[in-house]
Amino acid sequence: MQFKHISVLPQKVLDFAPDKTQTILDCTLGCGGHSRRLLEKFPNAKVFAIDRDLNALKVAEYFLKPFENNINFKHASFSELKDCFVNWMNPLFDYILADIGISSDQLDSPERGFSFNHEGPLDMRMDPDRQHTTAAYLVNNSSKNELLKILKTYGEERFAWKIVNTILIEREKKPFKTTKQLAELVYKSVPKHLQKSRIHPATLTFQALRIAVNEELNELSELLKIIPLSLKPDGRFAIISFHSLEDRIIKHKFKEWENPCVCPHDLPYCICGKKSLGSILTRSPICPSEKEIANNRRCRSAHLRVFSFKKNNL
Ligand SMILES: C[S@@+](CC[C@H](N)C(=O)[O-])C[C@H]1O[C@@H](n2cnc3c(N)ncnc32)[C@H](O)[C@@H]1O
């Protein structure tokens, strides 16, 4: 079995795990790279792991065979974690890891339709077994306003108007079916001087559609809701994100967990009664070193943030 994904910030993910970690939740198992390293460091730990991509679970199961007695897998998404917990008899965790986004294996499989570099169906579903809406469906059926919202909000795409107008004209002639068909249209829609840029002009459009197809921001917000209820006292939550939209949401949630008080600043004491859940361990996000980026360019936008929950948060 082959896998291409290189785990991001592997040493940092290990360093932030609490001493004597016994229970770990890996919310984004992928190929199992982070879980494997954690199990090598804590050989007696139990890992509970999910991924919404059945293919990834199969690869990870193979890769983690030597640790099969220490790991429980579930095919699930963040929004289904509550059901997983019930199934696992409600464990509490010392360390929770989420490495959100897609793996190189997903990106480099033409048939998954995530990449403008490979010809394939315009799909982008992380869970093709259970999700129905593909990127092609969104491109061919969304209204002008819906498409604009996707490209502007999830892609922060400067040329959203131009791209969407061109999509609307083209899809009347021929519905979008493939990745290259869309990538070429976006390429033609941006100003000439940007067509030569090192970053492909379709990068943000593809990112935006992927986020929309997989409802990634809803998933993230469901994950962040469940985290404080799932950790042991002194437990830690580490999360790696790959674009500013997600990093902003995480940063604000961490601030809210650390200081949830909503009282006006001029009140001499707190009357809202909201108590801090713990402290942020990474004032600024941790990013990969130049050396790591040289070895794996795809990690260049990674941001790791870690939160430590208080002893008495439960
Ligand atoms: C960057 S990869 C994880 C790589 C992994 N940490 C490793 O070292 O091999 C992200 C994985 O998270 C999964 N994923 C993304 N969003 C998810 C969600 N909402 N629920 C469950 N899994 C998700 C993807 O299918 C993908 O396999």
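Arg36 and Glu40 are joined by a salt bridge, in which the closest N and O atoms are 3.2 Å apart. This pair belongs to a predicted model. Helix 2 (residues 33-41) holds both Arg36 and Glu40, and the two are four residues apart, about one turn of the helix. Arg36 counts as partly exposed because its relative accessibility is 22%. Glu40 also counts as partly exposed, because its relative accessibility is 46%.

## Salt bridges between other residues

Side chains of opposite charge can pair when their charged atoms come close. Asp53 and Arg112 provide a further salt bridge, with 2.9 Å between the closest N and O atoms. This pair links distant parts of the chain, for its members are 59 residues apart. Asp53 lies in the loop between strand 2 (46-51) and helix 3 (54-63), while Arg112 lies in the loop between helix 5 (104-107) and helix 6 (135-141). Are Asp53 and Arg112 buried or exposed? Both Asp53 and Arg112 are buried.

Arg210 forms a salt bridge with Glu216, and here the closest N and O atoms are 2.8 Å apart. Arg210 is buried, as is Glu216. Elsewhere, salt bridges link Glu80, Asp127 and Arg130 in a network. The count for the model comes to 15 salt bridges.

## The ligand and its surroundings

Which residues come nearest to the ligand? Of the 24 residues around the ligand, those that come nearest are Ser7, His34, Asp51, Asp99 and Gln106. By type, the shell around the ligand divides into eight nonpolar, 11 polar and five charged residues.

In Ser7, a polar side-chain atom lies 2.6 Å from an oxygen atom of the ligand. The side chain of Asp99 has an N or O atom that is 2.8 Å from a nitrogen atom of the ligand. In Thr28 the atom concerned is a polar backbone atom, which is 3.5 Å from a nitrogen atom of the ligand. The ligand taken alone exposes 610 Å², and the protein buries 99% of that.

## Two cysteines without a disulfide

A disulfide is a covalent bond between the sulfur atoms of two cysteines. How many disulfides does the model contain? The count comes to zero disulfides. The cut-off for a disulfide is a pair of cysteine sulfur atoms within 2.5 Å. Cys272 is likewise in no disulfide, the nearest cysteine sulfur being that of Cys270, 3.7 Å away.

Cys270 counts as partly exposed because its relative accessibility is 40%. Cys272 counts as partly exposed as well, because its relative accessibility is 27%.

## A proline between two helices

Where is Pro191 found? Pro191 is in the loop between helix 9 (179-189) and helix 10 (192-195). With a relative accessible area of 30%, Pro191 is partly exposed, since partly exposed covers values between the limits of under 20% for buried and over 50% for exposed.

Pro191 may also be located relative to Ser7. The two residues are 184 residues apart along the chain, and their C-alpha atoms are separated by 36 Å. Ser7 is one of the residues that come nearest to the ligand.

Definitions and conventions. Residues numbered from 1 in each chain as written. Predicted model: local features only at pLDDT ≥ 70, side-chain atom pairs only at ≥ 80, totals over all residues. Heavy atoms only, no water. Buried < 20%, exposed > 50% of the residue type's maximum accessible area, 1.4 Å probe, protein only. Near = heavy atom within 4 Å. Polar contact = N/O pair within 3.5 Å; in protein donor to acceptor, adjacent residues only side chain to side chain. Areas by Shrake-Rupley, 256 points an atom, 1.4 Å probe, with all protein chains shown as cover. Nonpolar A, V, L, I, M, F, W, Y, C, P; charged D, E, K, R; others polar. Salt bridge = Lys/Arg side-chain N within 4 Å of Asp/Glu carboxyl O.
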